[in-house]
Structures are given as C-alpha cells and as structure tokens.
Amino acid sequence: MSSTSATSENNNNAEAYTPPKVWEWDGDTSGMNRPTAGPRFERDLPRGQHPLQLYSLATPNGQKVTILLEELLAAGYKEAEYDAHLINIMNQDQFSSGFVQVNPNSKIPALLDYSGNNDAPTRLFESASIMLHLAEKFDNAFLPAAHRTEVLNWLFWQVGSAPFVGGGFGHFYAFAKDKMKYPIDRFTMETKRQLDVLNRQLSNQPYIVGDEYTIADMAIFPWYGGLVMGGSYGDAATFLNVEQEYPHVIAWAKRIAERPAVIRGRLVNKVWGDEPHLPERHLAADIDQALQPATAETTQGR
C-alpha cells in the first residue's frame, strides 16, 4: 500500500466502529467527561459585594455575559456592577456542590442575582437566559421593543448553531487526537454555511438586526467574531477561507471588537494567552489595571 493510500485510509477512519447494543461506561474518572450529573466534591461558592454574582470563565459563552455587563455599565447602569468569580473548567470547578446548586448542568456561565432579596437570590444559567434577564432588568437595554422578536430570533440562533462550531468543527479540526476526514468535512461544511448566513445578514447593515447594536451581536460575536479574526482553533480562519468568503462578517467583527466595553468584557475571567487577562473582577478598577500592564511594569521597575 502506498503512503498516500495509507493516509487516505487513516483520514477516512477505515476501521469502522460497531456500536454495542447497549453502551456501557468504562468507569474512567481521570478525565472531565462522565455520563452522570451532580456534584463531585463539596465546596461553597464565594460571594462578593455586589448584587450580581457571576461564576464564569472567558470562553465564548462566558464572554457573552461579561460583554453585556460592561456595556450596561458603559451605558450608565450603575446597578450592573458585578463580581465575576473564576470557574476554571479545566480544574473541574464546575462540579463543586456550590456551582451545581446554581447550574445543575455544570456549565459556565451562571449568575446569582441578589437584587431585592438577599436571602433568596434568583439563579440563572445558560448564557442566553442570563443575557435576556439582564437586558430586561435594565430597561430592556440593547433589546429594542421595535425589534425585540428579531433580536431574540438571532439570540437563539446563536444558541442552537454554535455547538456545531465548537463541539463539532473546533473539536475535530483542532483538538481531536486523531484527524478524521468525515467529521472534519461534515462540520466544516456546517460552519461555513453558518458563516454564510451571517455574511448575507450583514451585507447591507452594520449590526445583526440592522442599525442598532443589540444583545444578538454580543451573543454572536465571541463565537463567530473570534473565529473570523483568527482567535479560535489555531489556523481555522485560513482553513475556512474567511477573508475571501465572509468580508461582511469580518467588518462586523472588527467593528464590535473595537468597542471599549467589549475589550473590557473579553478580559474578565481570562486565565490564558499573552493578551491582558483577569482571573476575577470585583471592581471596574480591576479591568483598568489589567489594561495597563506597561504602566504597571514601569512603576514596579522604579
């Protein structure tokens, strides 16, 4: 067999897997994934000084909420001040008893809203639910009445579509140990289709729902903006040919990425990379300091 044939066989996963009649877990607890829910260890969640207590990580879903919170603060809603506590999913923090009480699904982000009831906070999980709660709480900010239904259409489009990008394309293209042609082709095609949906929607307007910036943009940007600007899954932007095929998505992403509140929101609960980042946020000054590393270094060197 030639080397070309061997590579082709490997890429197409020539050794087909035959599923058993009933799947059984092998009992391996060394990794993160298991077929059961519930807490794995006892630990209470910390609580800060503000009514809004966020438990998150700066993944795309986490960024959606911190971007909105920073936009609300920038718009003058002082009651949107919040504490953002780090939930490091690689350390399995999401399986603590405290976190599971807030989100039984053990996924970030999660929010406790103590506004008006210090003893019985409102728990919120799922990023779109949190965003909708916050927008409605603050005078329907970034949720214009005239376009409410259309904003929600796109908010839930993101919720339903992004798993194909992250759990599908991102996993098999960038993270899977073995590269297999079939799943990469399948999820590349779907990711490109979704990018084309956005490109068409943005072809004649600056934002997802028209001329007004909304929570739909904030929800979609961390997933698809990060992707087309080269911030996700290695060289995926090149592989997907985004510069040639999705110019309107790129222009929209750059427009949003320049917003001061977006820059601030993307830093919160970030614990990786060379860019400025911030494991936890309790005051606006925490972000201010993180955004001025050069100044801090100069001061320390004196």
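The model is a predicted one, so local features need pLDDT of at least 70 and side-chain atom pairs count only at pLDDT 80 or more, while totals for chains, interfaces and linings use all residues. Residues are numbered from 1 along each chain as its sequence is written, and side-chain values use heavy atoms, with hydrogens and water left out.

The chain holds 13 helices and 4 strands (DSSP runs numbered from the N terminus: H or I of at least four residues for helices, E of at least two for strands). For 302 residues, a compact globule would have a radius of gyration near 19 Å, and the 21 Å of the chain agrees with that (taken over C-alpha atoms; the globule rule is 2.2 Å times the number of residues to the power 0.38). The C-alpha trace spans about 70 × 55 × 50 Å along its principal axes. Some 44% of the 302 residues count as buried (under 20% relative accessible area, with exposed over 50% and partly exposed in between; 1.4 Å probe, protein chains only). Take the contacts between residues at least 6 apart in sequence: 68% of them join residues at least 24 apart (contact means heavy atoms within 4.5 Å).

Aromatic rings turn up in 12 pairs (rings of Phe, Tyr and Trp, the last by its six-membered ring, with centres within 6.5 Å; planes under 30 degrees apart are stacked, over 60 edge-to-face, the rest tilted). In one of them, Trp157 and Tyr224 have ring centres 5.3 Å apart and planes at 35 degrees, so the pair is tilted. Trp157 belongs to helix H5 (residues 148–175) and Tyr224 to helix H7 (residues 215–228), so this pair ties together parts 67 residues apart in sequence. Both Trp157 and Tyr224 are buried.

The charged end of Arg259 sits over the ring of Tyr213, 3.8 Å from its centre, and that of Lys137 sits over the ring of Phe138 at 5.9 Å (NZ of Lys or CZ of Arg within 6 Å of the ring centre and within 35 degrees of the ring normal).

Then there is helix H11 (residues 260–267), where Ala261, Val262, Arg264, Gly265 and Leu267 are buried. Their cover includes helix H2 (60–74), H7, helix H10 (247–257) and helix H12 (284–290). Just after H11, Asn269 takes a positive phi of about 65 degrees.
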